[in-house]
Amino acid sequence: MTFKVLISDPLSEDGIKPLREADNIQVDIDTGLSPDELTEKIGDYDALLVRSQTKVTRDIISQASKLKIIGRAGVGVDNIDLSAATEYGVIVVNAPDGNTNSAAEHTVAMLMSLARKIPQAFVALKNGKWDRKTHVGVELKGKTLGVIGMGRIGAEVAARAKGQRMNVIAYDPFLTKERADKLGVDFGSVEDVIVASDFITVHTPLIKETKHLINKDAFAKMKDGVRIINCARGGIIDEDALYDAIKSGKVAGAALDVFEEEPATDHRLLELPEVIATPHLGASTVEAQENVAIDVSHDVVRYLTEDVAKNPVNLPSVPKELMNKIEPYFHLSEKLGTFLTYLTPGVIEEINISYSGELTELEVAPLTRNTIKGLLKRHLGDHVNDVNASYLAEKRGIQVNENKSSTSKGFTNLLKVEVKTKEVTRSIAGTLLNGLGPRIVQVDAYTVDLVPEGDLVVIKHNDRPGVIGKVGSLLAERGINIAAMQVGRSDVGGEAIMILTVDKYLEETDVEALNEFEEIEKLTAMEL
């Protein structure tokens with residue numbers, strides 16, 4: 001059988017060589033197609049390869065009667081309708097590793113250029129000025145580089161910085177002491193990193209928790225004369241706060257490859273002589289462009305011939321009969337995982353997922369993946385999905401255990417998730433109630449009945465009269481309405497838990513005010 005592959009964006013011949021060399025694959029290249037032209041043409045093809053130019057919409061996918069796989073030569077898949085692809089049984093693959101070296105090298109190039117003021121000196125020379133005094137730089141040797149985000153690219157940058165004889169301190173929500181020791185870096189919290197560093201580089205996804213992670217308060221804690229590098233995502237650094245920090249002299253310079261809004265040709269940061277910038281060139285090397293095409297071409301060949309994909313980004317196909325039975329639990333399993341990420345300090349080392357009651361009769365692997373996705377997604381962003389969640393957990397050294405039990409504690413079905421760090425063990429359990437949907441029924445040792453959605457506040461406190469009233473009154477003063485409340489306790493007068501569903505997410509000032517109550521031991525605001 002011969003499979004037909006359409007390439008609708010420009011890719012190098014070296015990049016598509018794996019497709020050319022496959023005996024049973026026919027490659028057609030037709031770039032610049034309009035949406036209507038692609039819609040008309042796509043019905044003849046088993047696979048489609050794109051970069052970022054082609055928008056693979058639901059209309060196009062719905063007309064792709066033979067389509068089995070869409071390959072994205074790159075990382076981002078925002079130009080592909082993943083929902084539609086999954087609905088129509090089309091797997092989507094990308095190439096997450098192909099630009100790692102390119103992005104890391106660009107970061108180091110920006111680091112060194114920033115330290116030695118190379119772009120500024122070149123511009124001055126081009127303008128006829130032989131000015132050595134203005135462009136005196138600093139050495140990297142002996143300086144401390146702070147790396148926020150130790151995924152593939154962050155780890156590569158750290159390794160290169162050590163080659164420059166820099167000290168490296170890093171933060172990542174999944175960085176353990178063992179891995180840090182193996183990489184030869186110190187590790188700590190975000191605050192530890194920004195306080196200790198002479199240079200700071202960010203390598204995180206842009207998610208709610210990392211939006212403006214480097215802000216006015218963060219700059220205030222940094223060393224005077226710190227230098228900032230962002231070759232990751234625009235928005236991780238608060239650009240207004242960076243501008244002010246440079247103008248005040250707090251920040252000696254910044255190197256930026258990305259901006260919150262692009263193109264950024266008239267950004268006011270570009271007016272500052274302390275700033276150097278490039279137009280989002282992190283992955284713009286000949287090798288990176290070829291590597292991502294090679295990686296995705298190999299995956300397309302592998303999937304068409306062996307039905308196996310290395311880098312899928314949407315749901316794997318699940319038999320329809322099984323999906324009908326387990327689909328109601330998908331929302332619950334992901335929310336249980338997300339809930340625990342808020343409650344659990346430290347680096348997760350072990351995840352234990354237990355199924356009981358009716359769930360023991362089902363194939364629960366998709367639910368396990370979905371639970372892990374909920375545990376990882378808050379820190380790693382939309383890159384985490386049902387397909388790669390287990391792989392990402394394994395890469396971070398997290399042990400995942402799945403088991404089934406006949407003990408369901410009176411529920412028809414019960415899903416329990418337990419996570420362990422070096423310091424703590426936290427657990428949560430949930431079920432589906434007929435006619436009422438998903439419920440959280442246990443948090444650690446406390447019995448509750450909670451809908452797992454919305455803005456929540458979890459308060460661990462001493463069981464004393466008046467605590468609930470104090471909390472309610474303070475929130476009322478601040479215009480925060482309580483939609484629902486759950487309470488549980490271990491012993492009279494002992495430790496207790498209060499879970500509030502509120503109409504809006506608590507701000508930092510609200511949390512600080514509640515923490516003033518002496519009865520409150522721990523307060524966590526979360527958004528499910």
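1. In this predicted model, helix α12 (residues 286-306) lies across β1 (3-7), β2, β3, β4 and β5, and runs at about 165° to β4. Helices (H or I, at least four residues) and strands (E, at least two) are DSSP runs numbered from the N terminus, and contact means heavy atoms within 4.5 Å. Axes are lines fitted to C-alpha atoms, for helices over the stretch in contact, with angles running from 0 to 180 degrees between N-to-C directions.

2. The open sheet is formed by 5 strands in the order β2-β1-β3-β4-β5, with parallel pairing (two strands pair if DSSP finds at least two bridges between them). Because β2 (25-29) and β5 (91-93) stand at the edges with a single partner strand each, one side of each is left without a neighbour in the sheet. Neighbouring strands are turned by 20° against each other on average, direction ignored.

3. Within the sheet, β3 (residues 47-50) and β4 (residues 69-72) pair in the parallel sense over 4 bridges, and Leu49 has Gly71 in β4 as its bridge partner.

4. Helix α5 (residues 100-116) packs on helix α7 (residues 152-163) at an angle of about 50°, with the axes 9 Å apart. The residues that meet include Ala104 and Val108 in α5, and Ile153 and Val157 in α7.

5. Residues are numbered from 1 along each chain as its sequence is written, and side-chain values use heavy atoms, with hydrogens and water left out. Local features need pLDDT of at least 70 and side-chain atom pairs count only at pLDDT 80 or more, whereas totals for chains, interfaces and linings use all residues.
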